[in-house]
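Work through the exercises below with the model open beside you. Try each task before you read its solution.

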Amino acid sequence: MPDFVAGLLENLLTILVTVVLAIPAAIRAGTPLLYGTLGEVYAERSGILNLGMEGMMIMGAVSGFAAAQTTGSAALGILTAALVGGLFALIHAFASITLRVNQVVSGLALTMLGLGISSLMGKQFVGQPLAARLQPLEIPVLSNLPIVGELFFQFDLMVYLSIVLVPVLWFFLYKTRLGITLRSVGENPAAADALGVDVTFVRYAAVVFGGMMAGIGGSYLSISYAPAWIEGMTAGAGWIVVALTIFAMWDPSRALLGAYLFGGVRVLQFRLQPLGISPNLLNMLPYLLTILVLWLSSDQAAKRRIGAPAALMTAYAREER
Amino acid sequence: MTSAKPEHTLAVALRGIVKRFPGVTANDRANLEVRRGEIHALLGENGAGKTSLMNVLYGIYHPDEGEIWVKGRRVTIHSPHDAITLGIGMIHQQFRLVQTHTVLENVILGLRERFFFPEQSARPRILALAEKYGLKVDPDARIWQLSAGEQQRVEILKALYRGVEILIMDEPTSMLTPGEALELLHILRRMTAEGLTVIFITHKLEEVMEVSDRVTVMRAGKSIATLETAQTNVRELAQLMVGRDVLFRLEKKAVTPGAPVLKVENLNVVSDKGLPAVVNLSLEVRAGEILGIAGVSGNGQRELVEAIAGLRPVSGGKILFQGEDVTQTPPRMRIERGIGFVPGERWMALIPSMSVAENMILKNYARPPIGRKVFLDAEAVATHADTLIREYAISTPNRQTPIKRLSGGNIQRALLAREMTERPALLLVAQPTSGLDVGATETIWNLLLEERARGAAVLLISDDLKEAMALSDRLAVLFEGQIMGEFTAQTMDLEKIGLMMAGALRQPTAEPTAGEPA
Amino acid sequence: MNLPSLRIEKRLSSPRWLPAASLTVGLLLALVTVAVIFATLGVDPLTAFQRIFRGGFGSFYGLQETVTKSIPLMLAGVGLTLAFRGRMYNIGAEGQFMIGAIFATGIVRLFPTWPGFLLLPAMFVGGFLGGALWASIPALLKTRFRVDETLTSLMLVYVAYEAVKFLVYGPWRGSDTRGFPITDEFPAAAHIPILPGTRVHYVTLLLAIAAAILVYLLLTRTKLGYEIRVTGENPEAARYAGMDYRKVALLVMLISGGLAGLAGMGEVAGIHFRLRPPEALSPGYGFTAIIVAWLARLNPLAAMLTAFLLGGLLVGGDAIQIALNLPAATVQIFNGVILLFVIASELFNQYRLRLER
């Protein structure tokens, strides 16, 4: 009997340790998703669905890597990625806000464009290791704690930045003047317009911000996570981000949960491989989980009657009769 | 405070405003002069150009020609933002409120308040304003929790908070109960007493007489006359507004109602938000009679007709059609059995981008002669469309024209034609003339009376009390999903109806009474 | 505030030539844009365009390759015109293609000894069913649980990719493949006949043309087609008229998925004669088919032509890939830019731009 209990305890302990040890990896894997989701939450809050996140993330990945590699500065790489992501989003903004084209198709087109340009741009970088590595950030005291410090305080700046952004973006959205304006544009653009809010500008700003976040998320992959440029390295992360936005119910604070959940699945993929499960079947997990998450959140949204921003996917034009 | 110079007594002057839209001239050299501190009514039929003119003043539309003078200065208004800067505010017929925001958040939207927690810094001033003008509303409530009257108060608060001097209100009483409308009038009086100017868009003659100091009448995009309200009367205004005698040529023949066609028993229906919309409602409509449902919109009208049409699940009670229980019958079966439906929201029943011909077969495409086993009979589709266009005098270039290109009156006529040609035993009609001009209204009314003469049972939903009273053989008043009382054509009493619409009066016997022969 | 601003207003009437003109201008602008992108990335656009055109259309070899590649594009593209008309954003044709290929292969493995006149039809049916089955998942999630079909259909592409990989790396890997992740070659009875001297598996081509005509007739001449169009244009009106939204949504998804599945079957049985890893089976046919459908303005007959054009582009893309040593995904630049300009040009049929003040 005591043997059995001891065995059980030991097993439980092993599982617990495994899970805890996996958390840092899950956080790393979830970080690009977190950036992307936060960006998409803002874009959709303004009423614009950006299905081009995949294209913007991959452009961020390639341009970030290229800039970091040529300048030798990871920071410049990330900055470039943000700019390029924002520039790409600007195209989507122009198409969907000014030209009022179908937002689904425009986003799709930008994803194709991003995949194409990134492969061409990145050709010369394939197989190169990144010289300008991002170093883990030394946090006084915390990083030096035994175990805990090693586990949770050895990330690089980009991880901490994404975590800090969660409350900041939440606060901005709900408790500031511009946040109220942003939400109103996504809910009722006519009302906002009538009060002198520049609906077009707000939407452009939100979409471009979303693209910048996607770019940064992509650059995290190529500058910190890999760190290398691999063609098509986002592998659908941009689409998962769109699903996570629904899962997060357009709330930045819930984005954290979703992103790390998916990060965890990514880690699980690698941890389960030694057990003899086919890597191909394991690779299906994030996509199947996305479908499951969409299913559950659609159901939940229906039950709690929490919907998307009311004006999501509707172009706004003032002088229409 | 106000200078006595003559040009300064004018709050607003619009001179020779022209606003063209593709295909229509909304304003054709329209003029308007509004004095400081007055309530100025802008009276006109639907489509007369009142709202368009005010949209020009508010910077939503850009005039093609004409001058705008505000407080004695010539101005150009590019956007609502410019208008607000000039002290002009506008409250649209459909409130421009963000449903998920709180009252405070709505009030401060678009203003340069403090960056963090902006609504909190604004709170004291907003509460003070509400107090001063008697605008009772919970500052932290979310808009979707408020009644139409309360939402309107939020709109007024928004304008006042922006330091509005000239307030434009578009059909402000259309969503209100008579009681709420009275309260609004008090608020407006308080505002003008403080030196504010109010422009009041309306098509209701009585309202002009009750509320305004002066009135400008518009017709077909032009301003026809400006009069002191005290020196005019309803009859004169009506003639100016319509351009001819307003008496409708309504041929309301006496029809003896036949057997009951529709019987609704203790019906309960839930709204989109999951709240009870129709509560234990019972009614009966017989062949050859029009049962009107009056009430402020949003009191369950939409849910009621949609439930009868089968488009909305019923949470309790029964719907009997020609004696048979159809409560669970799918919509297609109800159509086939003879229930026609003209919804208040027209585009719910039409496909804007499709041709007139394709819209005309929406109800009968599945059966001969239009629909064969698998295919549609193109020739039959064409004949059907041409017949309807001819018989109902639908003005369209041809049957291939996309229906959205037609005028509002013709779209409505086409919709009615499609439903009536099916010769339904029961016709559900909601807001049949909303947005139509006088001529079109008259045609539609006569079409409905023809249906009644043919022996159809007609259930008529209308926000327009005039319309409901003119057409109905019996009139039921709906409030919060319940019938407050019922009148026959002989017993209709405007005052009682008004009280019932506000929920302040209820007939002791809310049982459905079979209509006496008209 | 007084800067000149771009305004968009509705056109009252549009001349007959306008759609064709705006599309042409749109495509020309797309080419210019692609040229600019190429030049920026250090690829000489003139050389690239020349190679692409010559590769795709400039020789008999190129033309027959173009026709060959247009077969899957036509099948999947025609299906998507139907889906999009019914307002089902099926962007997962690529996945349905893969499952169609798997099912066709599965049938070969089940009945390896069947004669061709039995086996090939069985494979076609299997391919169609496979694609339809895969498309039914987003369709059912949409109609039963209101889950957005755009994302689910796309996620299933990745799942289908992994499924193909799983099979060719695992249980279905051939016995005589020298370690390559491919299945054994199909028996001769499972080969779709080919036009001599080409790679054109004409049976599939005929099926694709038949599919285009049938879908066109379905949309324009039948009661069901009317229901699909009404549902797509105005779902609320469809409900009002008592149309069964679920039936329409499910049907257009099943047909479009099935046609994509047929395309996958055509590739394994007409080109490769075996199941191979996804990147070898398709250069993104299912995604390019989206452009085929939009470029054709959702007209299935026009999709035959646009499939041919984009087939040529794919062949030309292969040509520059080899000649100029460019990555395979380069052709996606064309896809993205063309799609953007096509939807933008569509707008000018209904609206016109005006510069104000």
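**Exercise 1. Domains of chain B**

Task: find how far apart the C-alpha centres of domain 1 and domain 3 of chain B lie.

Solution. The C-alpha centres of these two domains of chain B are 40 Å apart. Domain 1 of chain B covers 6-242, domain 2 covers 248-338 + 424-518, and domain 3 covers 352-418.

Some conventions apply throughout. This is a predicted model, in which local features need pLDDT of at least 70, side-chain atom pairs count only at pLDDT 80 or more, and totals for chains, interfaces and linings use all residues. Residues are numbered from 1 along each chain as its sequence is written, while chains are lettered from A and ligands numbered from 1 in the order in which they are written.

**Exercise 2. Strand 8 of chain B**

Task: decide whether the residues of strand 8 of chain B are buried or exposed, then identify the strands that pair with it.

Solution. Start with the terms. Helices (H or I, at least four residues) and strands (E, at least two) are DSSP runs, numbered from the N terminus. A residue is buried if 20 or more other C-beta atoms lie within 10 Å of its own, exposed if 12 or fewer, and partly exposed in between, with C-beta atoms placed from the backbone.

- Burial: in strand 8 (residues 197-202) of chain B, 6 of 6 residues are buried.
- Faces: B:Thr197, B:Ile199 and B:Ile201 are buried on one side, and B:Val198, B:Phe200 and B:Thr202 on the other.
- Pairing: two strands pair if DSSP finds at least two bridges between them. Strand 3 (residues 39-44) of chain B runs parallel to strand 8 of chain B over 5 bridges, with B:His40 opposite B:Ile199.
- Strand 7 (residues 166-170) of chain B also pairs with strand 8 of chain B in the parallel sense, over 5 bridges. Here B:Asp170 has B:Ile201 as its bridge partner.

**Exercise 3. An open sheet in chain B**

Task: give the strand order of the antiparallel open sheet with 4 strands in chain B, and explain which strands stand at its edges.

Solution. The order is 12-11-14-15 in chain B. Strand 12 (276-286) and strand 15 (324-325) of chain B each have a single partner strand, so one side of each lacks a neighbour in the sheet. Now look inside. Strand 11 (residues 260-270) and strand 14 (residues 314-321) of chain B pair in the antiparallel sense over 6 bridges. One of the bridges joins B:Val269 to B:Val314.

**Exercise 4. Chain A and its contact with chain C**

Task: describe the make-up of chain A, then find which helix of chain A gives the most to the side that touches chain C.

Solution. Chain A has 12 helices and 0 strands. Its radius of gyration is 21 Å, close to the 20 Å of the globule rule for 321 residues, so chain A is as compact as a globular protein of that length. That radius is taken over C-alpha atoms, and the rule is 2.2 Å times the number of residues to the power 0.38. Buried residues make up 53% of the 321 in chain A.

Turn to the interface. Residues are in contact if their C-beta atoms, placed from the backbone, lie within 7 Å. By this test, 41 residues of chain A are in contact with 41 residues of chain C. Helix 3 (74-98), helix 4 (103-122), helix 10 (237-247) and helix 12 (279-304) of chain A each give two or more residues. Helix 4 of chain A gives the most, with 14 residues.

Methods: Domains from an automatic or database assignment. Contact = placed C-beta atoms within 7 Å.
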